[in-house]
Amino acid sequence: MRLERRAAMATLLANRGDDLLLIPGLGSTAWDAAAAGDDDRNFYLWGAMGGAAMIGLGLALAQAKRRIAVITGDGEMLMGLGSLATIGIQRPPNLAVIVFDNGVYGETGMQPSHTQSGVDLIDVAGACGIGTCLDVRDEGALADLARRLKHLSETLFARVLIAAEEPPRVLPLRDGVALKERFRTAIGIKP
Amino acid sequence: MTTRANDWPDRLFETLKRGGVRQVGYVPDAGHARLIDRCRADSEIRDVALTTEEEGVALAAGAWLGGERAALLMQSSGVGNCINMFSLARTCRFPLLMLITMRGEWEEFNPWQVPMGSIVDPVLKLCEAEVYRAHTPEEVVGAAERAVQQAFGGERIAAVILSQQLIGKKVWTK
């Protein structure tokens, strides 16, 4: 059984708390985050494929007292696999990298991704030294991930197996400067 | 003169410190070895070893989102790895301060360094970066200070290019 992506995102972001900062990776995870409810503390990516986890790392190091969630797709994560190695040696305790894995490139016509043919992102993350690596395949495991996300104490990686489906797009703001400025303002950074 | 000529990496480090840089991403590089050592030894700076240079472009964006200043150290070949990720800095106007050591120009022994080294300047300019080149030790601090100002004051991509003549040629036989 695979989870429904919109419901999974909604579960992870329910009662998120003021201190959760979200980096949704480009494509479907950005639409999922927007569908769950827009928030100034979401920095949606419309590009920078392969960069989501590293943006999360820079943010986590800069904002040690806040929790950072990167929620991205398997294709986006595959483009930045090296960043798991980089995160594995930094291990900020306030960073969670969560991959919605449907095994396909949904935005470009559902072509199969490497994860469908045996590449296991949990094994990769574990081999890179990330201590907590969760395999989320059902509602119980998703609820556990949501709980852990509320009280991050070490770098966490999770693969959430989701169905290959294309719910209606919910498009967030796409002006990068505006996204950046509202994010910084929301967490109290002076211009 | 010799001592002074060789201590430009220390002055570069002091410029980063004065500029308030708190995160330094780097791909290991002989030309930056001294600067990397200084960053690693500094308790106020988080040094982040990268697997590839474009990770550092994203790292710097995340740092700025969180209110910190970052710098990215690389060799000229790394510029090519970054090109698409520069879109992140350009679209969102993230400050991006890069210190780039040159290969493939002065007395280069390895021809494989030449294709990327020869197009670093035009590529950076196409990507709307401000480029400041230092040919001599005396030019390093001025170039770096201007780049710091452009990057963080103007929220732009700014690059200091450290000429191969400044760094010295790589020794291939020992």
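Residues are numbered from 1 along each chain as its sequence is written, chains are lettered from A and ligands numbered from 1 in the order in which they are written, and side-chain values use heavy atoms, with hydrogens and water left out. Because the model is predicted, local features need pLDDT of at least 70 and side-chain atom pairs count only at pLDDT 80 or more, while totals for chains, interfaces and linings use all residues.

**View 1. Where chain B meets chain A.**
Here 24 residues of chain B are in contact with 29 residues of chain A; contact means heavy atoms within 4.5 Å. The size of an interface is often given as the accessible area lost when the parts come together. For chain B and chain A the buried area is about 2,000 Å², and carbon and sulfur atoms give 64% of that. (Buried area is the accessible area, taken with a 1.4 Å probe, that two parts lose on being put together, summed over both.)

The partners are Glu155(B) and Lys180(A), with N to O at 3.1 Å. Eleven residue pairs are in polar contact across the interface of chain B and chain A, both residues at pLDDT 80 or more. (A polar contact is a pair of N or O atoms within 3.5 Å; within protein, one must be able to donate a hydrogen and the other to accept it, and residues adjacent in sequence count only if both atoms are side-chain atoms.) On the side of chain B that touches chain A, strand S2 (46-49), helix H4 (54-65) and helix H6 (86-92) of chain B each supply at least two residues. H4(B) gives the largest share, seven residues. Helices (H or I, at least four residues) and strands (E, at least two) are DSSP runs, numbered from the N terminus. Sorted by class, this side of chain B has twelve nonpolar, six polar and six charged residues. (Ala, Val, Leu, Ile, Met, Phe, Trp, Tyr, Cys and Pro count as nonpolar, Asp, Glu, Lys and Arg as charged, and the others, Gly among them, as polar.)

**View 2. Helix H9 of chain B.**
(The expected span is 1.5 Å times one less than the number of residues.) Among the buried residues of H9(B) are Pro137(B), Val140(B), Ala144(B) and Phe152(B); buried means under 20% relative accessible area, exposed over 50%, and partly exposed in between (1.4 Å probe, protein chains only).

**View 3. A salt bridge between two helices of chain B.**
The side chains of Arg18(B) and Glu145(B) meet in a salt bridge at 2.9 Å, N to O. Arg18(B) sits in helix H2 (residues 8-18) and Glu145(B) in helix H9 of chain B, so this pair links parts of the chain 127 residues apart. Arg18(B) is exposed at 54% relative accessibility, and Glu145(B) is partly exposed at 38%.

**View 4. Salt bridges within chain A.**
Arg182(A) and Asp38(A) form a salt bridge at 2.9 Å, N to O. Arg182(A) lies in helix H8 (residues 176-186) and Asp38(A) in the loop between helix H2 (28-35) and helix H3 (52-62) of chain A, so the pair ties together parts 144 residues apart in sequence. Arg182(A) is buried, with a relative accessible area of 16%. Arg41(A) and Asp39(A) also pair up, at 2.5 Å, N to O. Arg41(A) is buried at 12% relative accessibility, and Asp39(A) is buried at 15%.

**View 5. Thr155(A) in its loop.**
Thr155(A) is found in the loop between helix H7 (139-150) and strand S7 (156-161) of chain A. Is Thr155(A) buried or exposed? With 3% relative accessibility, Thr155(A) counts as buried. The side chain of Thr155(A) reaches the backbone oxygen of Pro92(A) at 2.6 Å, and a polar atom of that side chain lies 3.4 Å from the backbone oxygen of Arg91(A).

Definitions and conventions
A salt bridge is a side-chain nitrogen of Lys or Arg within 4 Å of a carboxyl oxygen of Asp or Glu.
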